[in-house]
Amino acid sequence: MDKLNKIIKNQRLVKYFAMAVTIVLIELATFQLVYFLNGNYYLATVLSFALAVVLNWVGGRAFVFGTSRHHPLREFIMVLIASIVGVLIQLAVVHISVNVLLFYPLIGKVLSVGFSFFCNYWFRAIIVYRE
């Protein structure tokens, strides 16, 4: 039974990763578009992340986790809370990447997505969609 649970959890992580790659591409394109239009990488980070949160919640319910034991509004709020922590992580990583490491903002955004991916998955798997 433990082996079956491990396989199911690994499949869920693979599905989450595949969904996340698609959403990250949309998020990065949105980031670059907003940054190109107004030159503000903080605004671009927040707007692109907000779009990704909604897509991630919808995609997670539809393709990865299914419905949780929580009411959909409560579930969304829990995912939103994790996402707020995630956007704070992203803003810090982008800020350090641009202002300290002198990277192009899109590079900082890519790095920040990597950090927030694992935090978000962990929170959702352990807290929101716990069986």
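**Close-up views of a predicted helical model**

**View 1. A nonpolar patch on the surface brings together eight named residues, Ile96, Val100, Leu101, Phe103, Tyr104, Ile107, Leu111 and Phe115.** Together these residues of the predicted model have about 750 Å² of accessible area. Helices H3 and H4 each supply at least two residues of the patch, and the largest share comes from H4, which gives three residues. Ile107, one of the residues of the patch, lies in helix H4.

**View 2. Helix H3, which covers residues 72–100, packs against helix H4, which covers residues 105–128.** Because angles over 145 degrees count as roughly antiparallel, H3 is described as roughly antiparallel to H4. The crossing in which H3 passes H4 is right-handed. Where H3 and H4 are in contact, the residues divide by class into 15 nonpolar, eight polar and three charged.

**View 3. Helix H2, which covers residues 41–64, packs against helix H3.** Here the angle between the helices is about 145°, and the axes of H2 and H3 lie 9 Å apart. As the two helices pass one another, H2 and H3 form a right-handed crossing. The contact of H2 with H3 is made up of 14 nonpolar residues, together with six polar and two charged ones.

**View 4. A salt bridge joins the side chains of Glu27 and Lys109.** The distance from N to O in this pair is 2.7 Å. Glu27 belongs to helix H1, which covers residues 2–38, whereas Lys109 belongs to helix H4, so that the pair, 82 residues apart, links distant parts of the chain. In total, the structure holds two salt bridges, and the pair of Glu27 and Lys109 shown in this view is a salt bridge of this kind.

Methods:
Residues numbered from 1 in each chain as written. Predicted model: local features only at pLDDT ≥ 70, side-chain atom pairs only at ≥ 80, totals over all residues. Heavy atoms only, no water. Axes fitted to C-alpha atoms, helices over the stretch in contact; angles between N-to-C directions. Helix = DSSP H or I, 4+ residues; strand = E, 2+ residues; numbered from the N terminus. Parallel < 35°, antiparallel > 145°, perpendicular 65-115°, else oblique. Left-handed = near helix turned anticlockwise from the far one by under 90°. Nonpolar A, V, L, I, M, F, W, Y, C, P; charged D, E, K, R; others polar. Patch = residues over 30% accessible without salt bridge, like charges linked within 9 Å, V, L, I, M, F, W, Y side chains within 5 Å. Areas by Shrake-Rupley, 256 points an atom, 1.4 Å probe, with all protein chains shown as cover. Salt bridge = Lys/Arg side-chain N within 4 Å of Asp/Glu carboxyl O.
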